[in-house]
Amino acid sequence: MLGMGSALETLCGQAFGAGQLEMLGIYLQRSWVILGTTASLLSFLYIFATQILKLIGQQAAISKAAGIFSIWMIPQLFAYAMNFPMAKFLQAQRKMIVMAVISAAALVLHTFFSWLLMLKLGWGLVGAAVVLNASWWLIDLSQFLYIVSGACRQSWNGFSSQAFKNLWGFVRLSLSSAVMLCLEIWYYMALILFAGYLKYAEVSVDALSICLNIFGWTVMICFGINAAISVRVSNELGAGHPRTAKFSVVVAVISSLVIGVIISAILLLTRNQYPSLFSKDSRVKELVSELTPLLAISVIINNVQPVLCGVAIGAGWQAIIAYVNIVCYYVFGVPLGLALGYKLDMGVRGIWYGMMSGSVVQALVLSFIIYRTNWNKEASVAEDRIKKWGGGQISSKENNIGTVTFA
């Protein structure tokens with residue numbers, strides 16, 4: 001659903017760059033329709049999560065716990081359907097501060113009520129789900145009120161029946177975006193799934209969950225850069241500034257790489273201390289410490305890779321990147337990881353080695369694609385896309401990005 005929402009990064013970003021602000025609200029509503037329908041379909045996976053996990057051979061205790069948590073998380077699924085389009089809508093207009101303030105307020109409340117329900121009142125996983133649902137819907141409500149309050153008066157003109165026009169073309173772009181991002185995120189989530197089949201599965205799953213939580217926190221930093229470069233590239237291509245778009249890519253990649261190196265160094269220096277923050281089990285702590293070098297390398301690789309994907313989203317290459325992800329991740333990375341993990345009996349380290357190799361190959365392929373990109377041609381493609389989705393010609397539309405004239 002995050003992937004489907006990211007279709008707005010391309011459309012809203014390029015429309016904003018071209019000064020066609022009135023279309024942003026229409027795009028937002030179209031995305032709500034599509035993601036709301038998607039959430040309804042995906043809810044069946046949540047309802048039958050226990051049975052699905054048992055069917056594919058997961059341990060009964062893990063399946064049952066995941067199934068209970070999934071059912072309680074269904075309201076969050078529909079919160080995603082509202083949130084992701086609004087986030088992309090606001091990002092395209094560079095309204096980042098208000099999003100940060102809303103998220104910070106929600107985080108403070110989320111932290112307090114997580115402690116209250118999970119630890120103080122002993123609600124466990126159910127408490128975690130209740131707090132997550134409430135936090136996400138608080139963010140949604142706050143962002144929606146901000147949008148309709150007049151702060152986005154040029155891009156939001158109220159609800160419109162145009163949201164139901166050209167839906168199929170919008171669905172195709174949304175699905176391309178979804179496939180691209182799903183292949184990305186599921187790739188590392190598969191680590192935990194594969195770990196469930198190893199000996200001492202609970203220890204492996206616990207250790208991997210700790211590593212992937214840290215990995216997820218660090219990835220949030222580069223996801224911020226991902227959003228920034230996506231908005232910048234789409235804005236500049238929409239405005240007809242290909243050289244500025246190219247320069248922005250170089251700055252974002254270097255910045256993200258430096259951040260990744262710093263975080264990795266911190267993890268390596270504290271590899272014997274930080275596992276105690278997550279677990280009291282000595283076996284889990286030992287395995288986390290042993291996996292830290294792999295985690296550190298993965299952080300460096302994946303601090304750059306989402307930035308490259310952000311460039312792809314800004315330029316509208318979602319379908320191309322989806323094919324790249326299939327080959328690099330699932331044709332190369334996963335089979336190699338399973339061979340190392342099971343056939344060569346390297347366990348969780350072998351699985352991670354193989355999958356990390358897929359990430360390296362994918363980053364190299366994306367780097368090559370971006371290096372060979374003709375940015376002048378991409379600006380021309382963006383102009384054609386704006387005309388197609390905007391439904392009309394634009395002349396001398398001016399905003400804070402610049403002035404673009406279409407014939």
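Predicted model: local features only at pLDDT ≥ 70, side-chain atom pairs only at ≥ 80, totals over all residues.

Modeller: Just past the end of α13, Asp345 has a positive phi of about 55°.

Colleague: How many Å does helix α13 reach from its first C-alpha to its last?

Modeller: α13 covers residues 318–343, which is 26 residues. At 1.5 Å a residue, 38 Å is expected. The reach is close to that, at 35 Å.

Colleague: At which residue of α13 does the kink lie?

Modeller: The proline Pro335 is the landmark, and the kink comes shortly before that residue. The bend is about 35°. Its position is also among the buried residues of α13, along with Val334 and Gly337. The kink lies at Gly333.

Colleague: Are α13 and α14 roughly parallel or antiparallel to each other?

Modeller: Helix α14 spans residues 347–371, and its axis comes within 7 Å of the α13 axis. The axes cross at roughly 155°. Angles over 145 degrees count as roughly antiparallel. The two helices are therefore roughly antiparallel.

Colleague: Is Val381 buried, partly exposed or exposed?

Modeller: Val381 sits in helix α15, residues 375–390. Gly238 is 143 residues away in sequence, yet 9.1 Å away in space, C-alpha to C-alpha. The relative accessible area of Val381 is 32%, between the 20% and 50% cut-offs. Val381 is therefore partly exposed.

Technical notes:
Residues numbered from 1 in each chain as written. Heavy atoms only, no water. Helix = DSSP H or I, 4+ residues; strand = E, 2+ residues; numbered from the N terminus. Expected span 1.5 Å × (residues − 1). Bend = angle between axes of the 7 residues up to and from the residue. Buried < 20%, exposed > 50% of the residue type's maximum accessible area, 1.4 Å probe, protein only. Axes fitted to C-alpha atoms, helices over the stretch in contact; angles between N-to-C directions. Parallel < 35°, antiparallel > 145°, perpendicular 65-115°, else oblique.
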